[in-house]
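Hi everyone, thanks for coming.

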Amino acid sequence: MQNMKLSAPAITAKKGVEKITMLTAYDASFARMLESVGVDMLLVGDSLGMVVLGYESTVPVSMDEMLHHAAAVRRGAPATMLVGDMPFLSYQVSRKEAVANAGRFFKEAGCDAVKLEGGREVCKAVQAIVQAGMPVMAHIGLTPQTVGKLGGFKVQGKDLDSARRLLKEAKALEEAGAFALVLECIPDGLARLISEEVAIPTIGIGAGAGCDGQVLVTNDLLGLFEKFVPSFVKKYINLAPDIKEAVALFLDEVKSGSFPDEEHSFAMKIESKDICR
Ligand code: KIV
């Protein structure tokens, strides 16, 4: 269990020394629990849109929604490195907007780094944000914000051309100043190769064991998100059925009058003549 907040350079320095852990969080209560077990980094992912806000994709998520949840996570986990995920179109329009929006994660939500999706096309934005003094985590492979362009939620880098392109993008993002790189949904051999070829740590999700660290969406790991579960997700517990069972029991007990019982009430005998005129 650690209680000293890691910095971006400290995360980079873990490469080759120990595996890095990152989990998503969207609110203070979960953030508190995840911090208490010593996760290296918390990511306020734009998966917020699908997992918490009920959108069909991550595309509609706004800066204000991200900041609202990131600030809550910061309050719950003050001692954990916090990464804010830049939502769709918050960094693509211009470098100036990218820096300003990244800055909001730091100034308004207390984040320690931002993450953004994309390869070569975002290198200038990465460079500008890093030059303004803010650490950036990059994200390639399956990039959900541009899933339409990729032709759906599919494993990326399966043929040699796209594998070569992903390796080039990883190197370009390292060159642009990213301190770490998320690899989502790519073959394990390619992820291992990229991890060997770049000096920054790779954080895999659906990218096999050769990465320098792993990230999962916490709600998937806990079996809380039932809409769909990617095949690379390991459910360490399946909480949704237990939650439904507990809530159904509450409904039954209220209807039958068995809740609240004496144990869950404040006992005091009082008669109407004592308080009614
Ligand atoms: O939004 C998110 O949760 C992510 C992770 C899956 C890496 O980007």
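So, here's a question to start: does helix 5 pass helix 6 in a left-handed or a right-handed crossing? Have a look before I tell you. Okay: helix 5 goes past helix 6 in a right-handed crossing. Keep in mind that this is a predicted model.

Let's stay with those two helices. Helix 5 covers residues 95-109 and helix 6 covers residues 123-131. Their axes are 9 Å apart, and the packing angle is about 50 degrees. Because of that angle, helix 5 counts as oblique to helix 6. Who makes the contact? On helix 5 you've got Arg95, Ala98, Val99 and Ala102, and on helix 6 there's Lys124, Ala125, Ala128 and Ile129.

Now zoom out a bit. The protein is split into domain 1, residues 8-238, and domain 2, residues 241-276. Going by C-alpha atoms, the centres of domain 1 and domain 2 are 45 Å apart.

Last stop, the rings. How many aromatic pairs does the structure hold? Two. One is Phe225 with Phe228, an edge-to-face pair with 5.8 Å centre to centre and 80 degrees between the planes. Phe225 is buried, at 11% relative accessible area, while Phe228 is partly exposed, at 39%.

Then there's Phe250 with Phe259. Why do we call that pair edge-to-face? The planes sit at 65 degrees and the ring centres are 6.0 Å apart, so the pair is edge-to-face; the cut-off for that label is over 60 degrees. Phe250 is partly exposed, at 45%, and Phe259 is partly exposed as well, at 32%.

Key: Residues numbered from 1 in each chain as written. Predicted model: local features only at pLDDT ≥ 70, side-chain atom pairs only at ≥ 80, totals over all residues. Heavy atoms only, no water. Phe/Tyr/Trp six-rings, centres within 6.5 Å; stacked < 30°, edge-to-face > 60°. Buried < 20%, exposed > 50% of the residue type's maximum accessible area, 1.4 Å probe, protein only. Domains from an automatic or database assignment. Axes fitted to C-alpha atoms, helices over the stretch in contact; angles between N-to-C directions. Helix = DSSP H or I, 4+ residues; strand = E, 2+ residues; numbered from the N terminus. Parallel < 35°, antiparallel > 145°, perpendicular 65-115°, else oblique. Left-handed = near helix turned anticlockwise from the far one by under 90°. Contact = heavy atoms within 4.5 Å.
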